[in-house]
Each structure stands twice: as structure tokens, then as C-alpha cells.
Amino acid sequence: MAVAEIKEAECEARAVAWWRIPVFPLAGDSCCNPVSMGYIKKLVEKKIPGIYVLSLKIGSSLIQDMENSFFMNVNEQVREVCRQLAQDPQLQRGYNAMGFSQGGQFLRAVAQRCPAPPMLSLISVGGQHQGVYGFPRCPGESSHLCDWIRKTLDLGAYSKAVQEHLVQAEYWHDPLKEEEYRKNSIFLADINQERGINETYKKNLMALKKFVMVKFLNDTMVDPPISEWFGFYKSGQAKETIPLQETSLYKEDRLGLQEMDKAGKLVFLGVQGDHLHFSEEWFDSTILPFLQ
């Protein structure tokens, strides 16, 4: 069934745009890699006949797309994605969005900043919505090596040059330096309303029908893994974590997440496996229903 043959009422639910960019320090993936995102695209198209899938690419080639996932200012990337979405005639009635790894929080920024065309649902697969603070695959919180690596990275994470040119620094969240994070984070602190309330951000996010967050229950890549469910470390230390519902962001409802939660719009899913490790069967049974 061709896209043009889909009934108008079905158009919104049968369009999806997605963004896949890796969390540091994985080698960069790209929008159309035939063994990763390209494979997922074909899988979705096979399972949902007639669906329109847009794989978001930042740059003129797969190599540029990969490089930009490390070195292109996230705010510029979000603006480029908003432009692509606005120019795609297939998405104008609305679309579902799916972000893999850091693509999850980047697409949330799209939802908050660019309401046209309307994002209907957001599926975040391993996205780090409260950021990261730690070295991937570090051998445990008690390790002196973990603390040393954190401190080394944190020395330059909030400098202007690093913030402007290193993607992963733009969602580096230091619970020991919350004020510095709020002041100097050019991306995450903005979309998480850390410097004040942007009512437009809140209104646009609350317009979602569903906000689905997938956490990998054996994740050794994201620190802390609870960031994938919008939780984080309790402020002032880096050992005890708290869920979204205990954060000030939720209690003060700065993004409307509390209201969305009460309305049943927030969906928290857990899957066994390390970061982005999931089976086709799980994807079919758990994720595809949100696209139909």
C-alpha cells in the first residue's frame, strides 16, 4: 500500500521520524547504516505496511552525519532537524518520533522548540534526559578510576569552547557543580528549564499524546542509567539516584511532566540488556504499537 493510499485519518499515526546519535564514546552511527538504523527502518516498513519513515541526517553524507554526532553544536542540529521536518510534506498532519540514545533528548528538544509540524508521540530508546555524569563502562561507583575520569572530563566540560564544539559535553550534568551546570550548559540546562520557565517549551511538550522512555536494565554505557527514565543523582553527590517523581523538575512541574504523568501520557519501559541491545521480537511487540 502506497503512502498516498492511506486514509487521511490514518496519516498522522503512520508517519515516523527518527534520530540516532550515539552516547560518548561509542563510534558514531549514522541515519542510514544498513546494519543499524537502516535495518530498523526496513523492519518498521515491513511490519507496518504503508508507513512513511524519515531517517534524519545531519550533513550531506553518512560520514558527515557521523562526525556531526560528536562535533556539531546540538542547538544547530535541532534547528536543522526542525527545518527538515517543516519541509517534508508527508509529516505536515503530524508524526511520531523515535530517538535512539542521545537522539532521544535531541528529539525532545524538537518537540519543545518546534511545534509545527506537530509531534504526536515521542519514543526515547535509551535517551539521557537528565544528562550523564560518568565514564561509560566504568567498573563501578567505588572505583577511584571512575572518580578520576569524571573529574578530568569535568575540568573542561563547561568551558565555552567545549560546550560549543563537543556534543557530549552539552548534556554533561555534574551533580557536584549544579550551579555551574545551570549557568554554562548551552543545551540540556535550557531544555530542562534549569534557568527559568519557558512556557512555550512546557506547552509544546504537554501536547504530546505519549512520551515513551525506554531504559536498558543492564546499561553499562549511560551513567546513571536512571537518566533514561528522567531520573538522576540526588544533588550534591554522585552515588544515590532518585526517580523523576522525586526531582525538583517534576515536583515544580517545570516541564509539565507531573501533569503528563497524571494524565497517563508518560510510559516507562524497561528492557533487559546493555545500551541499545534489544531483540527484534521485543521491538515488534513493545515499540511498534506506539507507531500504529
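Eight salt bridges are found in a search of the whole structure, a salt bridge being a side-chain nitrogen of Lys or Arg within 4 Å of a carboxyl oxygen of Asp or Glu. The model is predicted, so local features need pLDDT of at least 70 and side-chain atom pairs count only at pLDDT 80 or more, while totals for chains, interfaces and linings use all residues. Residues are numbered from 1 along each chain as its sequence is written, and side-chain values use heavy atoms, with hydrogens and water left out.

- Side chains of opposite charge can pair when their charged atoms come close.
- Glu45 forms a salt bridge with Lys41, and the closest N and O atoms are 2.6 Å apart.
- Both residues belong to helix α2 (residues 37-47), where they are four residues apart, about one turn of the helix. Helices (H or I, at least four residues) and strands (E, at least two) are DSSP runs, numbered from the N terminus.
- Glu45 is partly exposed at a relative accessible area of 30%, and Lys41 is likewise partly exposed at 24%. Buried means under 20% relative accessible area, exposed over 50%, and partly exposed in between (1.4 Å probe, protein chains only).

- Glu194 and Arg254 meet through their side chains in a salt bridge, at 3.5 Å from N to O.
- Glu194 lies in the loop between α9 (188-191) and α10 (199-206), and Arg254 in the loop between α11 (248-251) and α12 (257-262), so this pair ties together parts that are 60 residues apart in sequence.
- Glu194 and Arg254 are both buried, with Arg254 at a relative accessible area of 10%.
- Arg254 also forms a salt bridge with Glu252, at 2.8 Å from N to O. Glu252 is exposed, at 54% relative accessibility.
- Through salt bridges that share partners, Glu194, Glu252 and Arg254 are joined into one network.

**The disulfide**

- Cys82 and Cys114 are joined by a disulfide, with an S to S distance of 1.9 Å.
- The link of Cys82 and Cys114 is right-handed, with 90° about the S-S bond.
- Cys82 lies in helix α4 (residues 74-87) and Cys114 in the loop between α5 (103-113) and β4 (119-125), so the pair ties together parts that are 32 residues apart in sequence.
- Both Cys82 and Cys114 are buried.

Key
A disulfide is a pair of cysteine sulfur atoms within 2.5 Å.
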